[in-house]
Every structure is written in structure tokens, then in C-alpha cells.
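Trainee: I am new to this structure. Could you take me through how to read it, one feature at a time?

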Amino acid sequence: MNMNWLLTHSPALLIAIPLLAAFLTPLIDRLSKRARNVLVLIVLITVEVVMIVLAWDVFTGNTHIYTMGASNPTATIPVQAAIPIRIVLEVDGLSAFMGLISATVSLAAGLYSLAFVRRETGQGRYYTLLLLMLVGMLGMEFTGDLFNLFVFLEILSIASAALIAYRFYRGDAVEGAFKYFVISSLGALMVLFAIGLLYGQYDLLNMAALAKVMKYTMLDKIALVLFIAAFAMKCGAIPMHMWVPDSYTVAPASITAMLVVASQVSLYALFRICFSLYGLTLDVTTVGIIIISLGLLSMFVGVTMALPQKDIKRLMSYHAISQTGYMLLGVGVGLYLIGKPEFSTYGMAAMEGGIFHIFNHALYKGLLFLTAGAIFYKVKTRNLNEMRGLAHSMKFTAIFFMIGAFAIAGIPPFNGFASKLLIYESVYCVSPILSIIAMLVSIITLASFVKVFHSAFMGPPMRNTKEGEVPKSMLIGMVILTVGIILFGLFPGWVVDHIVHPAAQALADQAAYIQAVIGG
Amino acid sequence: MLHTPSGYWDPLLWILALIVAILIAYIIRGFGRKDYKGGEQSKPFLSGMDIPDEKELHIRAGNIYWGFMEGLEGYYDIMKKIHTGVVNDYVAWFLGVSALLFIVILIVGVT
């Protein structure tokens, strides 16, 4: 197996390997628990390595196309047809960027789970569903056609709902999963209906082929509304966010970290639909203002709702909503300015800020949820009122929490500051109020995490709590994300130039997206 | 170094500046009285009340930012009413937002 073969087939392999392993896991689980854990870890590490290799190639300018079932995977249009009719995977800068996030957080979550769910039953099912979540995320990120976007959205939603209910003996876990399932089904139904509208008009499902013939008719507008509403709800934009704290809070912490990425994949789908499918045919001013408004609402309401929370994971869930607002704001401003002279200076920087924030958020929010899980693992409660002085016994967790808290609050030199700075300095082009609200939200975020740190880690030690840290595999999971936060914080210029800019460029350049699949 | 629309951000330079600032602060601290042993000024102040045993002193999460929440009571009352926890309401919000988007994109949208 040489590097070219690996690179050519990597889009398909990245979906096929975890999918195959997901179905193998329950079988191997019956033979040996240790072998099952080894298999899951090998698969997660393999996916991470292959994803890095693929992403590096994509970031150097090579968009990867893979046609499923074709003798030549790069031939998207069969000889006897004029349009792409097979399932086409398209990995451009943005897909690779999102794939890196999904693979990295899944690896950290998988490692963390080894100890975290050790005392639970049904671990075979747990790891099967975890791998299926990864399949759903990578599939949504890589797919080049709308129907498979729906299929992978469903795989992701069903696996996520089942994992939210993993601790089914707790009533709140089942309730959270039920709410997630209702909301996901409704969202998926709307996505399917929108796809039907487009297919009925154009006889096409391939996004690049659709983008080429898109006319922005009344039916296209109806489809756009359904796409925006469904994906905005799935990414937790206010006022369709209420399922987020209900579901994130009750899921196992490792799964909550993955749910954060799952929500960001919906955000990716929203951006992909707006930029790559509709592009300049849509009314960018109106849709840009809609996305900016959703972002502002999410930022402000999310952070103000986080402040009074007493449940540590519920508090963090509201912050996840608030941080999603920054991404919507940044990319919304980019969409608003696209086609205008200010785009090259401010619009691109806003998009880079929003996209950079997606990766940063996955790292620090994932880390914060893992620290919340570590606290729950030790003290068996999520109630901040019942905690104190945990820094006495959980020194590493306290340090990881501080790093995550500084990063989410945008304190330099951590990664959150770099992406927020790009957003602050670019969105004021539309209105200075946007930058002011973004900074205000960061200040309240810091206040909120000061409260958590004081409540959980400061003060006299808790009685009736076992001394010592959480198991090593949980610490390793947290270390992976912490290293990412520090590196992205110390070298933001390199990250933006080599990873974020290609992703933003891929999103903004609809013509390149179309040309990669159907040429011309 | 990260280039932004209005300038640049260099974390390594920032860390260097922070180290220099800490060094200056440490030097200034060195000019202080060496014989200072504490007293009333070094004790925590809690509105003139007696301070409980420091080893047992801990303010619970529910009491932090009480004033902020009181100041924004009207806002939080509305937020509590909206967040019912009932999934039917979640669906209603989704339908409401969808309806609003239909109006904005189909009717108000200029293109």
C-alpha cells in the first residue's frame, strides 16, 4: 500500500473503516473486552492519522474527489451520462478541516471512555454507537450529494440519541434522548423535504451539479428556509436551542464532547448549503442578516442563561450555544459581505475567525466537558452547590479546567483569543455594535467560569470523597485536547495560514467547488 | 504571527511582555517593607461581620452573582417562562422561526 493509493482512497476509507469496526465491535465484545477496546482505539488512531495525511494534502491545494463504485474514483460523470449519478465524496479545505476536528475529538473521547464507562454495562453497544457517530460526522463532511447528507445526518442523530440515553437507568437521560430524537427527526424531515423540492425541480442530488444550475426560484427559496431552520436548530441556535442543555447535560461526558462536534457538523452543513449550493444566487444580504441575528441572539442569550446555572454540565451547555453564536456571527458577516468590496479585507477575516472558532471551540469545549465528567466521576454529582475544594485532590483536572476556561473566555495567549480577535476586528465593518456584544459576551463567559472554578475547585476539601485523580486514560483524553489548545494558541498565524484559510477559501469559492466535481 | 484587519497578534511576543511585566512587579515588590508582619489590613473584610473559620469558608455557586441576577430579574423571568422543558414548545419554537424565515426570505428578500 503506497501513499498515493492511500490518498486516493482515503475519503472512502475514512468512512468505511469506522463503519466496519462499528459492526465488528459487538462481536469482538463477546469474545474479549480488552480486544474490543484495542480495536476501537486502533480504529480511532488510524482515522486520525489518515485524516491528517488527507487534510495535509487538501490544504496544499488538492481537492479530493471520490466516486463510489466507479472504476476510476475521480471520474464523477459516467461515460453514458451527462451528470454525476453515483455517490460522490468531495473533500475540499472545509471538509478536511471539519474532518480533522471530528477525528481528533473522537480519539480524545474514545481514550477518555476507556475508564469513564468502565463501570457501566453495555459497553459493546457504547463503542459501536461512538464509532457510528464518527461515521455520521465524517459522512456529512465528505459527501458531495444532498441525499447522502440526509442519510449521514440520520446515522449521526440516531447514534447520538442512543448514546445520550446510555445511562438509561437515570430518567433524565431517557428524557434528554427523547427530546433530542424528536428534534432531530423534525429537522431531518425538513431537510428531506427541502432535498425533495430541489430534486423535483432539477432531477439532481449532487450539490456541485445543483449549484451550477441553481436559479433561486420560489421553490429554491422554500428549500433554503427549510435547510436554514433545520440546521440552525441542529446546531443549537437560539431560539431553537432548548434541546441542547437537556441533552448535553445527561449524556456521558465523552459523548457530550462528541455532541459538541456533531452540532458543529450541522453548522458546517448550514454553511455548505448557503455558500456552496446557493452561493451568489441567493440574497446574501437578507440571509447574511438572518445568520448574524441568529449568532447575536445565541451569543447573548446563551451566556446570560449560563450564568445562573448550578448544574456544571448545563452551564457548559449554555456556553456551547453562546460560542456557536460567534461562529454564526463570523461566517454570517462573511456571507453578508460576499460580492462587496469589503469582502477581501473584512469578510474573509470574519469567515476565518468564525471557522477558526469552530476548531477552537471543539477543543476547549470538549476539554471542559471532559473535566466536568472527571468531576462527576469523583463526586457523583453535577450540582455546583454540592462541590468545593476539588483542586486539593484533582490537581491535573483543575489545571485542564483553567486552560479550557481561559480559552473559552478569550484570554490571551490561548486559542479562543486568536479566533475572537479576528471576529472582533472584522465584524465591526458591518456595525461596531456586533464587536461590542461579542466582547461583552466574552467578559460574561469569564465571569461564569470564575464561578465554576471557585465553586468546584476552591475552598476546603470535600468530605466523603476519595482522594486522588481520575484514571490515566481519562487524563490522556484531556491532555490531547489541552495540547491542541496550547499549540493553536501559541501559533495562530500558522494555523490560520495553513488550515483555516484553505477552509474559508473553499467555502467562499463556489466556482472551485463546482469545477472540482463536474469541471467547466 | 496572526495578521488581523487592523494589525497583528503575536502570542510569543505577548508572553515575553508578560514576563517582563512580572519581573518589574517583582522588583517593585522588593522595595516594600521587609518587616511587615500583617495585621488588620491583611484580614479579609466581609461587610464588618465576623469572619468564619477560614478552613470552612466557601461561598456556594448559588450565591455567586446574586446581585447580577437581581438586577436583571425582569429578563430572567421572561427567560424562565420561555424555557419550559416541554418538547412540544421546542417544536413550536422551530415552527415559529421557520414561519418567520419564510416571511423574511420569500416576501421581504429583495432578490
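Mentor: Start with helix α4 of chain A, which is mostly covered: 18 of its 20 residues are buried. A residue is buried if 20 or more other C-beta atoms lie within 10 Å of its own, exposed if 12 or fewer, and partly exposed in between, with C-beta atoms placed from the backbone. Helices (H or I, at least four residues) and strands (E, at least two) are DSSP runs, numbered from the N terminus. This is a predicted model, where local features need pLDDT of at least 70, side-chain atom pairs count only at pLDDT 80 or more, and totals for chains, interfaces and linings use all residues. Residues are numbered from 1 along each chain as its sequence is written, and chains are lettered from A and ligands numbered from 1 in the order in which they are written.

Trainee: How far does α4(A) reach from its first C-alpha to its last?

Mentor: The expected span of a helix is 1.5 Å times one less than its number of residues. Helix α4(A), residues 123-142, reaches 28 Å, close to the 28 Å expected.

Trainee: Is A:Ala511 buried or exposed?

Mentor: A:Ala511 has 11 other C-beta atoms within 10 Å, so A:Ala511 is exposed. A:Ala511 sits in helix α19 (residues 510-518) of chain A. From A:Ala211, A:Ala511 is 300 residues away in sequence but 9.0 Å away in space, C-alpha to C-alpha.

Trainee: At what angle do the axes of α3(A) and α17(A) cross?

Mentor: Axes are lines fitted to C-alpha atoms, for helices over the stretch in contact, and angles run from 0 to 180 degrees between N-to-C directions. Angles under 35 degrees count as roughly parallel, over 145 as roughly antiparallel, 65 to 115 as roughly perpendicular and the rest as oblique. Here α3 (residues 93-116) and α17 (residues 472-490) of chain A cross at roughly 160°, their axes coming within 6 Å. The two helices are therefore roughly antiparallel to each other.

Trainee: Which residues of α3(A) and α17(A) make the contact?

Mentor: Two residues are in contact if their C-beta atoms, placed from the backbone, lie within 7 Å. Among them are A:Leu107 and A:Leu111 of α3(A), and A:Ile476 and A:Ile480 of α17(A).

Trainee: And between chains, how many residues of chain B are in contact with chain A?

Mentor: In chain B, 40 residues are in contact with 47 residues of chain A. Helix α4(B) gives the most to the side of chain B that touches chain A, with 13 residues.
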